[in-house]
Amino acid sequence: MFYREAGDFKTTYREDSQTFPIKFDRLRFYAVLAVAYGVIPLFINDYWANAVFVPFLIYAIAAIGLNVLVGYAGQVSLGTGGFMAVGAYACYKLMTAFPEVSIFIHVLLAGGVTAVVGVLFGLPSLRIKGFYLAVATLAAQFFLVWLFNKVPWFYNYSASGQINAPDRTIFGVFVTGAQTSAMAKYMFCLVMLTIVAVLARNLTRGTVGRKWMAIRDMDIAAEIIGVNPLTTKMTAFMVSSFFIGIAGALFFSVYLGAAEVGEAFGIQKSFLILFMVIIGGLGSIFGSFAGAAFLVLLPVLLKNLLVGALNWPTDLAAHIELMIVGALIVIFLIAEPHGLAQLWRVAKEKLRLWPFPH
Amino acid sequence: MPDQLLFAMEVTLNGLMAGVMYALVALGFVLIYKASGIFNYAQGVLALFAALTLVGIQQGQVPFAHLINAVTGGHLTHFGWTVPSVLAIILTAAVMVGLAIVIEKLVLKHLVNQAPIILFMATIGMAYFLEGFGDVMWGADIKKLDVGLPQGISETVEGLTDSIFGYGFFIDNLDIVATVVAILLVTALTLFSQYSKQGRALRAVADDHQAALSVGISLRFIWILVWSIAGFVALVAGIMWGSKSGVQFSLSLIALKALPVLMLGGFTSIPGAIVGGLIIGVGEKLFEFLAGPLIGGATENWFAYVLALIFLVFRPQGLFGEKIIERV
């Protein structure tokens, strides 16, 4: 009834090729934006920002980044944590070396640095495929974490080996450091996520995205019809690492404030983000959001339920949480291997026909 | 002989022993990958779970004691008996077979014909679940595993090398036992897959699922069988690693150590797992010995991966992997 292309006539090419061709989609998109920018900042407090919204926004950026690589280009990567660490440390070095430059630019530059590193570690993907590649990207994960641990230059020779985000402002409002308000954190991450999501959405439906998908579906066939595997795979690694680097920079500077590389960017992080992408749906930007939201909210809910409501000891609750997360992942994969995005697609199809299904 | 050379030889020997331990874990991966095309990330957690169960049975722990106590407010910990090692190992093996059946019934059966990445993620989900389950069942504290394997430095080897080179090599007794066990295990597996009816069926399934189905081999039985064998291999690996460094969470991380071994040896080859393990073991120990002091140490975390990565660039299917043939 609502979700219908009928009567929505396009009279120009511009209209025909817009991001959301269906009117209902477009309106919904503006509504989500309005709520995210206009309503949530009014009500946000420290608990909601730190436990739910800021991690969700940052993980969504990382999940979009990984989805570009795994979902669109078909190159399985387990090095996400390492690439996030590159973003974080690049951001830290830039912040401390050029204090007068805006953090906004630093975060983008950190993404750029990560893109270069990503391309470097992506090069073997031309020879290595499938699971061999997945395991090969673990080399990036372990090597990078080791590097940031062992080379003191990266953490400015601090005694603890940690990196601490100095106070930085945008338009006079603190966005990093201890004095940051919940709203500032939220807005900064939200702006970044919006940029990333719009970029990703438009890249994936353009020439670049089609090449990625051709390589994903069958790389040899794609090569034969004239898709250059070198540039295609490298752009995928570049764009993906750029986003993941931004996520890493935000994760360290805005969310954590202080980070120790092994703990904040270990292999667990790589798996977590891969889970988000798979549960959300491979090859779907909406799926990245859904997956990030699901895996950020689930532990918060479980903790509140087990420790808060049932009063069980925290270590037992942590183990049970692990069990439930694991079981849910398996159940999800069995029930809907194409992720939450597929559920959404099915729902949309139903909506189109409602109230007269055939 | 110069001291440095002797040290290097000792490091090499120790590396070989460590390689055997890696190969033990890698073996479980290869078995499952060959028979079902599933890249089983849960293998390391299976080893942890097996070791936890073994200790739990041996010491007569009450399963789920922590959970029961939290719900009822009691103070249960142990039944108050101990079980002999051999019986405990047999019981644990039975538990692993049960686990294999449960995994097949609840998970794998529903995921037939899914993309490999989905199956891989499912095994990661299982790994999370088992990790939590093992901890809830047996408690998360570090446990000591003792099934009567010899501990400490081998005096025979030390005496022997001392009489030849004038310098005694330090080799762990446990590592020697592990080597012997690994050789026995590989021999037994090879004999089983070459000469028994089930073994032949196993190889048929590994070769071609559909053809195997059409000549009347039950795929589900083979899957249960292969997961049971993998569970048994995990038990052996769990005993070895558990006796060496205690039963704790970090035991499940040996899966990560086995991955570069697999890459190097090829996912589909049992000899590959052994040779890959040895190369990785020697390579990372020698690298740490030679270059570690220069660049800050702890290179063992990543060296294996980088070695395997460089290797793969030249031979994308690993040392002994089947040649990857692609058609459009």
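This dialogue goes through some features of a predicted model.

Trainee: What should I know before reading the residue labels?

Mentor: Residues are numbered from 1 along each chain as its sequence is written, and chains are lettered from A, with ligands numbered from 1, in the order in which they are written. Because the model is predicted, local features need pLDDT of at least 70 and side-chain atom pairs count only at pLDDT 80 or more, while totals for chains, interfaces and linings use all residues.

Trainee: How many residues does the contact take from chain A and from chain B?

Mentor: Two residues are in contact if their C-beta atoms, placed from the backbone, lie within 7 Å. Here chain A supplies 37 residues and chain B supplies 39 residues. Helices (H or I, at least four residues) and strands (E, at least two) are DSSP runs, numbered from the N terminus. On the side of chain A that touches chain B, the elements giving two or more residues are α6 (130–150), α9 (219–224), α12 (267–280) and α14 (314–335) of chain A. The most comes from α14(A), with 13 residues.

Trainee: Which classes make up that side of chain A?

Mentor: Ala, Val, Leu, Ile, Met, Phe, Trp, Tyr, Cys and Pro count as nonpolar, Asp, Glu, Lys and Arg as charged, and the others, Gly among them, as polar. That side of chain A has 31 nonpolar, 2 polar and 4 charged residues.

Trainee: How are two packed helices described?

Mentor: By the angle between their axes and the distance between the axes. Axes are lines fitted to C-alpha atoms, for helices over the stretch in contact, and angles run from 0 to 180 degrees between N-to-C directions. In chain B, the axes of α1 (residues 3–36) and α10 (residues 219–245) come within 9 Å and cross at roughly 175°. The two helices, α1(B) and α10(B), are therefore roughly antiparallel (over 145 degrees). Their contact residues divide into 19 nonpolar, 2 polar and no charged.

Trainee: Where is Phe171(A)?

Mentor: Phe171(A) sits in the loop between β2 (168–170) and β3 (173–176) of chain A. Phe171(A) has a positive phi of about 50° although it is not a glycine. Phe171(A) is exposed, with 8 other C-beta atoms within 10 Å.

How values were computed. Angles under 35 degrees count as roughly parallel, over 145 as roughly antiparallel, 65 to 115 as roughly perpendicular and the rest as oblique. A residue is buried if 20 or more other C-beta atoms lie within 10 Å of its own, exposed if 12 or fewer, and partly exposed in between; C-beta atoms are placed from the backbone.
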